[in-house]
Amino acid sequence: MSEEDKKIIGDKKHLYDETVKYDERNLPQELKNYIKELKGYDKKKDWLSYDLKFDEFEMVIRCYLRAGKVTEYDYKKLIAKYGWLYD
């Protein structure tokens, strides 16, 4: 990891918020695949790819929310965990 990456990432252990607890087992398979990919970027500390994939992940979660395939609780937890965003 370059020094520039270290400055951007800081002391965070992960690119996602590991303090947010959530059971992913009941999610649609497509969302599980996104999470797996995000965690792969996290392991590589590839924050740019992670950030780009998160934007896509967020749009897909919203589609599932609008279609009633995930609850608002699911949506908020996933956004908080993988995007460090709190609505």
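**The nonpolar core and its aromatic pairs**

Let me begin with the largest nonpolar core, which has 20 residues, and in which Leu 27, Leu 31, Tyr 50, Phe 57, Ile 61, Leu 78 and Tyr 82 touch the most other members. Two or more residues of this core come from each of helix 2 (29-44), helix 3 (47-66) and helix 4 (72-83), and the largest share, six residues, is contributed by helix 3. Please keep in mind throughout that this is a predicted model.

I would like to stay with Tyr 82 for a moment. Beyond its neighbours within four places in sequence, Tyr 82 is in contact with Tyr 16, Glu 24, Ile 35, Leu 38, Lys 39, Tyr 50, Phe 54 and Phe 57.

That brings me to the aromatic pairs, of which the structure holds five. In one of them, Tyr 16 and Tyr 82, the ring centres are 5.5 Å apart and the planes stand at 45 degrees, so the pair counts as tilted. Because Tyr 16 lies in the loop between helix 1 (3-9) and helix 2, while Tyr 82 belongs to helix 4, this pair ties together parts that are 66 residues apart in sequence. Both Tyr 16 and Tyr 82 are buried.

Tyr 22 and Tyr 73 also form a tilted pair, with 6.4 Å from centre to centre and 40 degrees between the planes. Here Tyr 22, in the loop between helix 1 and helix 2, is linked to Tyr 73 in helix 4, 51 residues away. Are these two partners buried or exposed? Tyr 22 counts as buried because its relative accessibility is 19%, whereas Tyr 73, at 51%, is exposed.

Finally, ring pairs join Tyr 16, Tyr 34, Phe 54, Phe 57 and Tyr 82 into a cluster.

Notes:
Residues numbered from 1 in each chain as written. Predicted model: local features only at pLDDT ≥ 70, side-chain atom pairs only at ≥ 80, totals over all residues. Heavy atoms only, no water. Core = buried A, V, L, I, M, F, W, Y, C linked by side-chain atoms within 4.5 Å. Buried < 20%, exposed > 50% of the residue type's maximum accessible area, 1.4 Å probe, protein only. Helix = DSSP H or I, 4+ residues; strand = E, 2+ residues; numbered from the N terminus. Contact = heavy atoms within 4.5 Å. Phe/Tyr/Trp six-rings, centres within 6.5 Å; stacked < 30°, edge-to-face > 60°.
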